[in-house]
Amino acid sequence: MRTIIPPCAAVFACLLAPGGAGAQSSFTVGTITALPRSVASGALAVPARPGDDGTTIPLSIIHGARPGPVLVLTAGVHGQEYTPILALQRLRTTLDPTTMVGTVVLVHVANMPSYLARTIYYSPVDGKNLNRVFPGRPDGTLSERIADVLTKEVIARATHLIDLHCGDGSESLRPYSYWMTSGGPSVADASRKLALAFGLDHIVVDRGRPEDPNASVYLSNTAITRGKPAITIESGGLARTDEESIARIERGISGTLRHLGMREEGPSPVAQPVWIERSEVLRSSGTGIFSPSVERGHTVARDTLIGRVTDFHGRVIEEIRAPFAGEVLYVLGTPAISKGEPVAFLGSTAER
């Protein structure tokens, strides 16, 4: 654990300064404590159990000068989603706690085993998708224990949450966010405003998330089922670290901080969003080699060929076609495909 002393000439001087430490108390997550007007970094421990060595979750707390919202930002839920990880690394050094209201908690890499092994979707330790096992179990597999620690130590401290994603190492993706309507009218409305404040112009309306907090499944939905507004965003993909995708996340966070009254500066909410009312993940029914026929952002008619799956001798075993007219939000950009895995995500402004 490492705690950084407030950036004052002396602690006494900081106490006397307007908006100083006397304005609010320290803030603790796990064993990491930040004093007012300071930044503290450390890691949450996920203890070992028979069958695995446990892991750690690197985390930073940016604790402002006055009380306010607690915004949790999570990155690295999937191992090859790099742009959110790099955006939060920048944010740790660019966000000034001495002028900020409230607290920002940065989960730099939620899924360290997958990150270090460079795996997509699934943990190399237990074969589970971390974003499908929330709220987790303290006596479960490693992914379930990571989810349990995040739920109890991080989500529990939040007033608002944004789960930052991009297309995983295999996905070519256009930027968009998810607005989940679970959690009751007031939470749903606050989550909608978060999505607008983040500023991505395509917003997928997701009305199908679980309502049970004990079976919340997804990280952001875990916050929502506990009464905390939350969204999921996607910016980047194919394991790239392009500046445009990173900067887009930085702008989105800046707009969110302004919306929540945590900073005065920041971009305005998106003015004319495209609400994706119907969406569907298209999956392969076979294992082999995928060849896409469309690109991300393409508008397609119903029955348009999205791509083909061939066996390892080149014989076509499946043609995947659009079940409705819409826009390709992501499409697989690498050849490897296993039965049941996604090949594309299609969205439309028309309701079902």
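1. Let me start with S182, which is buried at a relative accessible area of 2%; buried here means under 20%, exposed over 50% and partly exposed in between, with a 1.4 Å probe and protein chains only. This is a predicted model, where local features need pLDDT of at least 70, side-chain atom pairs count only at pLDDT 80 or more, and totals for chains, interfaces and linings use all residues. Residues are numbered from 1 along each chain as its sequence is written, and side-chain values use heavy atoms, with hydrogens and water left out.

2. You will find S182 in the loop between β10 (176-180) and α5 (185-198). Helices (H or I, at least four residues) and strands (E, at least two) are DSSP runs, numbered from the N terminus. The S182 side chain makes a polar contact with the side chain of N221 at 2.8 Å. Such a contact is a pair of N or O atoms within 3.5 Å; within protein, one must be able to donate a hydrogen and the other to accept it, and residues adjacent in sequence count only if both atoms are side-chain atoms. Leaving aside residues up to four places away in sequence, S182 also touches others, including R209, P210 and E211; contact means heavy atoms within 4.5 Å.

3. Next, have a look at E153 in helix α4 (residues 142-154), which is partly exposed at 33% relative accessibility. Its side chain reaches the backbone nitrogen of G30 at 3.4 Å. Beyond residues up to four places away in sequence, E153 touches V29, G30 and L44. The C-alpha atoms of E153 and T31 are separated by 9.9 Å, although the two residues are 122 apart along the chain.

4. On to an open sheet: four strands in the order β18-β17-β15-β20, with antiparallel pairing. Its edge strands, β18 (316-321) and β20 (336-337), each pair on one side only. Two strands pair if DSSP finds at least two bridges between them; β17 (residues 305-310) is joined to β18 by five.

5. Finally, the largest pocket deserves a visit. Of its 36 lining residues, R132, Y178, R209, Y218 and V281 are the closest to the centre. Strand β14 (278-283) is among the elements giving two or more residues to this lining, and β14 supplies the largest share, five residues. On a 1 Å grid over the protein atoms alone, a pocket is an open set of points where a 1.4 Å probe fits, with protein on both sides within 12 Å along at least five of seven lines; lining residues have an atom within 4 Å of a point.
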